[in-house]
Amino acid sequence: MSAISSILSRTATTCAAAILATGIATSAFAQKAKDTLRLAFTDPIGTILIYEDSKPEGGFMAAAVFDSLVCFNSASGTIEPLLATSWKWLNDTTLELKLRDDVKFHDGQPFSAEDVAYTLNWLVDPNSKLRFIENYVWMDRTEVVDKTTVRIHAKHTFAPALVRLATAAMPMLPKHIHGDPAKRAEFGIKTPVGTGPYKADYVDSNKGIGLTRNANYPQGSACKSPASIGKVSILPIPDQQTQIAQFTVGNLDALRIYEKDQADMLGADPRVEVTGLQGLGFNFIAFDASGRSNTKPLLDIRVRQALMRSIDRELITKSVVAGGNAKVTDDLCFRNQIACDQTAKPLSFDRNAAKTLLAEAGYADGFDVELLSTPSVYGLAEALAGELRKIGVRAKVDRATFAAYRDKQRLNKQQILVNEWSSGGLPDSYATSEYFFSPGPRDYWQDKELQALSKEGAATLDDSKRRDIYKRIFNAAVERAYVLPISTKPAVFVHTKEVQFTPGAIGTYGAELYQIKWK
Amino acid sequence: MTDALVKGPAAEPEVIAPSPREEMRRRAKSHVGLIFGGTVVILVALIAIFAPFLAPYDPYDQDLTRRLVDPVWKTGNWGNILGTDALGRDYLSRLIYGARISLMVGFGAALIAGTVGSVIGILGGYFGGRVDSVVVYLINVKLALPGLLIALSLVSIVGGSVTALVLILGFLTWDRYAVVTRSVAQQLRGNDFITAARAVGASQTRIILGELLPNVANQIIVIASLEIAIVILIEAALSFLGLGVKPPEPSWGLMISEARNFMFFKPHLIAIPGFAIFLLVIAINMAGDGLRDVTAPEGRN
């Protein structure tokens, strides 16, 4: 019974907080004077080292404390200088980068080519035992040419190389600290020293994370600006209701919200503002067309088309997708993403046509099916199930945790997937094509043509050729009724009127700390 | 037991004492807890049985254009008496259908657990010796297992559904039945009426079914009433945690879980299913307590 009593006590605490909120809501909306921004993480991180913890929150912190070699400008869709000032391909597999000579780590040590070579070589060293090694395996080795020049030798032609170096997921580490085996294990906790716009004061899984602005940030530009707010403290609060309670009583200045209704209801308070930042995220529903889950009806394209036509995407988006700026989308990529193109449109919403298609396929009485969903789209998945039920398909929703979702996917139990995808923060169509159509546990289509095209896309350097390849992939995905994109998925932040969020982040967390300002 | 003992010598014709059954009926009529609890349980059962006739709407039918409609006391609109949920489904209809799941899980699991536990307990208590050692061993093993934790892991392995919950909870809550029936059977097995039955040549099965079982039935019913309440709470907790009944099934625990987002803004969405669980559980407990008071007045509290 202990679970029940803990639920009861948690409910009681939050209710108490709600009562408190109505009482003293007017206090504490004045953090600007103290120049300290207070945020909360639902999914706390124990280390500021993205290579060890790649959660969205990890990416958010990595971009604040560290810098990558180059920077992706999401407004223009181009790659711009950051730690590197210029770069060129010496041949199909050798990339040479010139580095800035005026950058210093937070501990005062100068940043140089040695640090870059150290970081990149450590990433590909099999002894490092990194979890996401597939992100780095395209690199063979990195050599130091001189103090401000490095050369990256790739194993094979890899088109998204530069854009990979531009994400916050590839920060440059200080060789003089991380290179010391004695300090390496606790680097992300005790000495997370980078070159980024914020210095880490403390990282503690109970206390949270404290940051101070890095005043010496010569590499700042329009692409990655210097920090604006002086101090930031991030509290680990795993329960969203508690976060809301803390925000309402004035103990937090901003808060990431996942459910539409919470954002709407909090936004009704005149002292509160809601900002939806559209990065690379979109919601989709995908059908098992290869029979991996043994769902016979879904093998018939008419059934998949029927399911697609039964969904009123306009109404669903308006009703359950958070962020006032969420829109229905037909595309599997974003136009400011590198090599993005798609001309095919999904079949339009028409419930009668859907019923006819089902009947033609021999399922006039519907069938039983389960929608697998991940935590950020539970509400959407239930709404979609409700729409499918309207044409007689008896849809149930599995509200899976992230780990359970991965397990089910691996074990061939994914009949229909409702999920969001934000390209893993990689602004290149390569990310989406790999996510859906590279062979592996995620591939529930096993379409040899698309698998081959996806491989070809990664190995083609010419941008217009790549664009054409990805166009063929994404068109086919929609025409063959594999995947139906539902809507864009903005990251929604609820904050006091003193705080201003700027759009433009491509990271999976949806915002960048250095882009948050006082009004 | 009382019947058999009191009815020994022929009663004197002039002494008109109430029969034990009459006495029980009299106690039941004046027992407020039993009357209240019993009425509520019967009412909820009737609601569950006649849900299709009582529910004003289909509990699965969503209407995204009519989301989060407030209940009648806020809007005065009798179309959706308890309002609608986040997907525009009628809350009253979901609550009515939810009663089915709670009762189905509660009674279903109690039936399995009662059967398993009583069989084990009576066998151990009646036969004694090695059989009893095995039974005691089984009971001890079961008592040492953390029930809710095992339920959690089993449900996450096999997946949540009403059938899975009934089976899992049924096979996880039989221990109390076994403990009580075993000790009662132990007390009874040396009694005269058992010896008498044995003397006239009744078979073991006949003795257990015909003589023992009627005498432990009261205890089983009382334990069942407590266990049903516990199982209903476990179902609600599992569904709340996302491990029980799957959406869009209208389970009360799931309704609370889905309404968590609105805790600060639309508290009635949590309060209504919460109150329904509270009412049903307390009614079952009161009815159970009442039954015990009425059938075994010496153990009254």
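Good morning. The largest cavity in this structure is lined by 17 residues, and those nearest its centre are A:Tyr258, A:Val320, A:Ala322, A:Ser376 and A:Lys489. Please keep in mind that the model is predicted.

Which elements of chain A give two or more residues to this lining? They are strand 11, residues 254-257, and helix 13, residues 378-389. Helix 13 of chain A gives the most, with three residues. A search of the whole structure finds four cavities of 30 Å³ or more.

I turn now to chain B and to a pair of packed helices. Such a pair is described by the angle between the two axes and the distance between them. In chain B, helix 3 (residues 32-49) packs against helix 14 (residues 268-295) at an angle of about 130°, and their axes are 7 Å apart. Angles of 65 to 115 degrees count as roughly perpendicular and those over 145 as roughly antiparallel, so helix 3 and helix 14 of chain B are oblique to each other. Their crossing is left-handed.

Which residues meet where these helices pack? From helix 3 of chain B, they include B:Gly33, B:Phe36, B:Gly37, B:Gly38 and B:Val44. From helix 14 of chain B, they include B:Leu279, B:Ala283, B:Met286, B:Gly290 and B:Val294. The residues of this contact divide into 13 nonpolar and four polar, with no charged residues. Thank you for your attention.

Conventions
Residues numbered from 1 in each chain as written. Chains lettered and ligands numbered in written order. Predicted model: local features only at pLDDT ≥ 70, side-chain atom pairs only at ≥ 80, totals over all residues. Heavy atoms only, no water. Axes fitted to C-alpha atoms, helices over the stretch in contact; angles between N-to-C directions. Helix = DSSP H or I, 4+ residues; strand = E, 2+ residues; numbered from the N terminus. Parallel < 35°, antiparallel > 145°, perpendicular 65-115°, else oblique. Left-handed = near helix turned anticlockwise from the far one by under 90°. Contact = heavy atoms within 4.5 Å. Nonpolar A, V, L, I, M, F, W, Y, C, P; charged D, E, K, R; others polar. 1 Å grid on protein atoms, 1.4 Å probe; cavity = no way out; pocket = protein on both sides within 12 Å on 5 of 7 lines; lining within 4 Å. Points joined across faces, edges and corners; volume = space filled by probe spheres on them.
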